[in-house]
Amino acid sequence: MKMKNTANNDSPGPDFDFGPDAAHAAERIACLAGFMTSERYAVLRKTVSMRTRYMTVLAENMYHGQNAAALIRHCEAFGVQEMHTVETLCPFEPNPDIARGTHQWVDVRRHASTGEAVAALKGAGYRIVATTPHREDATPETFDVGRGPFALVFGTEHAGISDEVIASADEFLRIPMCGMVESLNVSASAAILIYTLSERMRLTVGNWRMSDAEQAETLCRWMRRSVKDSEAILQRRGMVPDL
């Protein structure tokens with residue numbers, strides 16, 4: 001059975017105020033809003049208001065295109081705005097038939113190595129949370145979402161997370177199972193963890209939303225992709241499309 005997204009039913013109108021920190025992007029948003037329906041704008045605005053960077057995802061050498069696409073779809077569906085990849089062994093190439101355009105709404109940051117990715121995430125204040133069935137640290141129900149921003153690391157389909165991730169991880173997360181199988185497919189694991197932890201985050205963490213400036217910058221990029229000839233429109237209005 002397909003799940004229907006009902007989160008956008010109470011979308012705000014195009015006069016929503018992003019605040020003074022977002023004035024640069026807001027000017028462009030106001031311009032481009034005139035080139036789409038108010039309903040379309042309202043959906044984009046409501047969607048961006050539910051986005052978070054408090055939690056993120058790191059995919060380490062995920063080589064199946066269908067799993068890569070599923071991971072992006074999970075992030076988009078549950079409001080995770082940014083995900084990261086390491087591609088030292090194989091490229092991260094989402095299958096377009098499965099991604100179904102969701103890649104245009106999620107920011108993918110590519111890193112040259114696992115070490116670089118971990119350093120960048122820790123430098124930005126994220127806890128590195130390795131997903132593995134072989135450690136007992138926490139489950140989706142016991143993991144402390146309120147301790148600070150966190151990055152879920154998913155490894156390659158057969159070998160799992162690398163020894164480098166294990167050595168660098170701040171915490172470990174597993175999905176308890178009572179059947180004969182030891183682990184789930186990476187796509188299924190990601191769906192369970194991203195959904196469960198994003199829901200718990202929204203219920204218990206006060207600062208999970210992106211800032212006004214981040215929301216406006218993201219919305220502006222989305223609108224530029226959605227409006228035909230958006231760059232030319234902005235230039236004709238004297239706005240250099242520098243976002």
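Q: Leaving aside its neighbours within four places in sequence, which residues is Leu71 in contact with?
A: In this predicted model, Leu71 is in contact with Val57, Ala59, Met62, Met83, Phe154, Ala190 and Ile194.

Q: And which residues touch the most other members of the largest nonpolar core?
A: Leu71 is one of them, along with Met83, Phe150, Leu152, Phe154 and Ile194. That core has 30 residues.

Q: Which elements each supply at least two residues of this core?
A: Strand S1, helix H3, strand S5 (150–154) and helix H7 (186–204) do. H7 gives the most, with six residues.

Q: What does the second, separate core include?
A: Ile29, Leu32, Leu44 and Ala216 are among its 21 residues.

Q: Ile29 and Leu32, then. Which residues of H1 are buried?
A: In H1, the buried residues are Ala25, Arg28, Ile29, Cys31, Leu32 and Ala33. Their cover includes H2, H8 and H9.

Q: How many residues has H8, and how far does it reach?
A: Helix H8 covers residues 212–226, which is 15 residues. From its first C-alpha to its last it reaches 21 Å, close to the 21 Å expected at 1.5 Å a residue.

Q: Which residues of H8 are buried?
A: The buried ones are Gln215, Ala216, Thr218, Leu219, Cys220, Arg221, Trp222, Met223 and Arg224.

Q: What do they pack against?
A: The buried residues of H8 pack against helix H1 (23–33), helix H2 (38–49), strand S3 (107–111) and helix H9 (230–236).

Q: Why is Cys220 called buried?
A: Its relative accessible area is 0%, and buried means under 20%. Cys90 counts as buried too, because its relative accessibility is 13%.

Q: New topic: how many salt bridges does the structure hold?
A: It holds 14 salt bridges. As background, side chains of opposite charge can pair when their charged atoms come close.

Q: What does Glu76 meet in a salt bridge?
A: The side chain of Glu76 meets that of Arg51, at 2.9 Å from N to O. This pair links distant parts of the chain, 25 residues apart: Glu76 is in helix H3 (residues 65–77), and Arg51 is in the loop between H2 and strand S1 (55–60).

Q: Is Glu76 buried or exposed?
A: Glu76 is buried, as its relative accessible area is 19%. Arg51 also counts as buried, at 2% relative accessibility.

Q: What about Glu82, which side chain does that one meet?
A: Arg109, again in a salt bridge with 2.9 Å from N to O. Here too the pair links distant parts of the chain, with Arg109 in strand S3 and Glu82 in strand S2 (residues 82–86), 27 residues apart.

Q: Which residues do salt bridges that share partners join into one network?
A: The network joins Arg53, Glu82, Asp107, Arg109, Glu214, Glu217 and Arg221.

Q: One more pair. How far apart are the closest N and O atoms of Glu27 and Arg28?
A: They are 3.8 Å apart, and the two residues form a salt bridge. Glu27 counts as partly exposed because its relative accessibility is 46%, whereas Arg28 is buried, with a relative accessible area of 4%.

Q: Back to strand S3. What does His111 touch?
A: His111 lies in strand S3. Not counting residues up to four places away in sequence, His111 touches His84, Thr85, Val86, Glu87, Glu116, Ala117 and Ala120. At 12% relative accessibility, His111 counts as buried.

Technical notes: Residues numbered from 1 in each chain as written. Predicted model: local features only at pLDDT ≥ 70, side-chain atom pairs only at ≥ 80, totals over all residues. Heavy atoms only, no water. Buried < 20%, exposed > 50% of the residue type's maximum accessible area, 1.4 Å probe, protein only. Helix = DSSP H or I, 4+ residues; strand = E, 2+ residues; numbered from the N terminus. Expected span 1.5 Å × (residues − 1). Contact = heavy atoms within 4.5 Å. Salt bridge = Lys/Arg side-chain N within 4 Å of Asp/Glu carboxyl O. Core = buried A, V, L, I, M, F, W, Y, C linked by side-chain atoms within 4.5 Å.
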